[in-house]
Amino acid sequence: MLKRLFYRHHSLQRRVITAMAMIGLLPLIFSVFITWYEERRTILDTTGRDFQQIAIEAAGKVELQVTQKISEARQLATIPIVRSSAIDSNRSYVGRSLPAIRRMVQEWEGRWNARKYPDRFPDFVNKMATDYLIDWVRIRKGEYISILIADSQGALVVSSSPRAGYDQSKSLWWQASYNGGSGQVYVSDLIFDQGLGHYVLEVSAPILDDAQQKAVGAVNVRLRPDELFKAIQEVRLGEHGHAMLLNSAGKPLICPILSPDRHTINTPLMRQITQPRAGWVIAEDDGHGGQNAIVGFAPVRFQTPLAKESLGGGGIQWIGFVRQDPTETYAPLRQLLKKVSAGAVAVFLLMLLGGRFLARRIVRPIQVLQERAVLIGRGDLDQRLEITTDDEIEKLAEAFNQMASNLSRSFQDLEHQLAETRRLEQRYRDLIENSPEMILQLDQDGRFVHINTTAIEKLGYTQTQIAQKKLWEIVPEECRKAVQNYLLQLKSEGRGSLETVFLTQEGVRLDVEIRTTVLFDLGSGSLVYTRAFVRDITARKALEAQVRRHTEGLEQEVTRRTKDLVESQERYKILFDEIPS
């Protein structure tokens, strides 16, 4: 509709309508922009602070759950039956060398693996401590998977699961938690257990001696991270907002929407959220397909010092992350814009209708002018405009009439010039095509582009046939090298001449003289094409040969006659010499 209103008549009506529309539209657009800008700034600030606070709360819940499990692991490490089991196991190493201890551990590992029933504990395991751990796991079966107790050599002392490995000395949890006897708390990354089919979390604490100075073993607790998942899943923002747990290496750990392996956390986003303090940013890609989304983040801070190998090692930390679909976040702003835009459109349409009504009374003379101008533009230069409005439009009509007259004269002159050009073109074409000399045009590779009629008649090739050949392909084998060298020389010198032989299509030899000039590109200096004027000198060559043979015959005859005269002179001299004086 707007296009029909704007383009049905010519520029004057458009100007009137546009002027009226702009008077009201510019302030309206400005007010819409200011409203959008202020509302957007408010939404960004308010939503960003809310997301930051929610991220802090989510990170706090994660920290609380992990800290609780650390406390339980430490509590296990202080229970007398657990400590005594580790201490008693260490007494068997007293007075033995390290190689002897390792052999001893390997021997007990062999006995552990040689059990007839892998689902039963062997007789040499402390049954009372084992039952205690089994009861501990059973009471907390919703969270605990297994508990392992290892001594100062990493050998298994007690376990709640008979399928545990005996030698834990190479396990990361034991190395980090025992730490050469100094002891420290270890928390693993979320690890997917293929056997269990879900993620697990390992928390380990050292078992200290009576003086609480040196580690005598370590406790390892394998947990289901259900409480961590619950802490994250409880965070909901509207219909499409949620929280996540990431690590600073960009690995998603917990997400209630997508599985971690389906996530792609891009590097720019990780740079934005890997900060020492909580905050919020606008992410170009929030990892869930959202563009320019508001996200909140907060690092998970553990009050308990952790081993450097914790959380995946290398200084990695966990990050609470909160995001929402940008469509939902900016929904209030879009609703406001829709309402304001609807009002603006209504006002704009009213202004257009009013402008159209007023402009229609002005543009009727222009319509007549336009209709006649179209006829003139189609070539009817006899059309003339008759408009009497006593204003600029009448002057414009007179200008159109004058223009039509000028165009009529110009077209007549142009047609005359075109006829003269065609006549000259035909004359030059006839001159070139019927020239007594062959005229050739070659490209930069020496291939024929065009030959004149004289060349076609002499050589016997058609234009199509000759276009598939190069210059040296129509000369005898013994002349080809000279022709190729001649073309190379032309590229540097620009002109030259050569006498050679052409072979017609029937194989007839023609002695020719080639005079050539080259057209170069003024910008790049490269060769564009070569013009060759070829004269058939076969008759001249034959005449030259005949003259040469006649000359040689005369020379031979003169030589013979001279010889005869010399011989005759000698005979006469002898006769005169014999006559007596």
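1. A quick word on terms before the tour: two residues are in contact when heavy atoms of theirs lie within 4.5 Å. By that rule, and leaving out residues up to four places away in sequence, Leu44 touches Trp280, Ile282, Ile294 and Tyr330. Please keep in mind throughout that this is a predicted model.

2. Staying with Leu44 for a moment, its place is in helix α2. Its relative accessibility is 10%, under the 20% limit, so Leu44 counts as buried. Its C-alpha atom is separated by 25 Å from that of Trp318, a residue 274 places away along the chain.

3. Now the overall picture. The protein has 15 helices and 17 strands. Its radius of gyration is 53 Å, well over the 25 Å that the globule rule gives for 581 residues, so the protein is more spread out than a compact globule. The box filled by the C-alpha atoms, taken along the principal axes, is roughly 165 × 120 × 40 Å.

4. On burial and surface: 39% of the 581 residues count as buried. The protein exposes about 34,100 Å², and 54% of this is supplied by carbon and sulfur atoms. Looking at contacts between residues at least 6 apart in sequence, 56% join residues at least 24 apart.

5. The largest nonpolar core holds 53 residues, and the members that touch the most others are Ile147, Ile149, Val219 and Trp318. Helix α2 (residues 11–78) gives this core its largest share, twelve residues. A second, separate core has 27 residues, including Met438, Leu442, Ile451 and Leu490. As general background, nonpolar side chains tend to be buried together in soluble globular proteins.

6. Back on helix α2, you will find Val32. Is Val32 buried or exposed? With a relative accessible area of 17%, Val32 is buried. Beyond its neighbours within four places in sequence, Val32 is in contact with Leu337 and Val340. Val32 and Trp112 are 80 residues apart in sequence, and their C-alpha atoms are 78 Å apart in space.

7. Thr453 lies in helix α12, which covers residues 453–459. Its relative accessibility of 27% makes Thr453 partly exposed. Between Thr453 and Leu527 there are 25 Å in space, C-alpha to C-alpha, for a sequence separation of 74 residues.

8. Finally, two backbone angles to check by eye. Most residues other than glycine have a negative phi. Gln212, which is not a glycine, has a positive phi of about 55°. Gln212 is found in the loop between β5 (198–208) and β6 (215–223), and with a relative accessible area of 44% Gln212 is partly exposed. Asn292 also has a positive phi, near 55°. Asn292 lies in strand β11 (residues 291–299), and at 43% relative accessibility Asn292 counts as partly exposed.

Key
Residues numbered from 1 in each chain as written. Predicted model: local features only at pLDDT ≥ 70, side-chain atom pairs only at ≥ 80, totals over all residues. Heavy atoms only, no water. Helix = DSSP H or I, 4+ residues; strand = E, 2+ residues; numbered from the N terminus. Rg over C-alpha atoms; globule rule 2.2 N^0.38 Å. Buried < 20%, exposed > 50% of the residue type's maximum accessible area, 1.4 Å probe, protein only. Areas by Shrake-Rupley, 256 points an atom, 1.4 Å probe, with all protein chains shown as cover. Core = buried A, V, L, I, M, F, W, Y, C linked by side-chain atoms within 4.5 Å.
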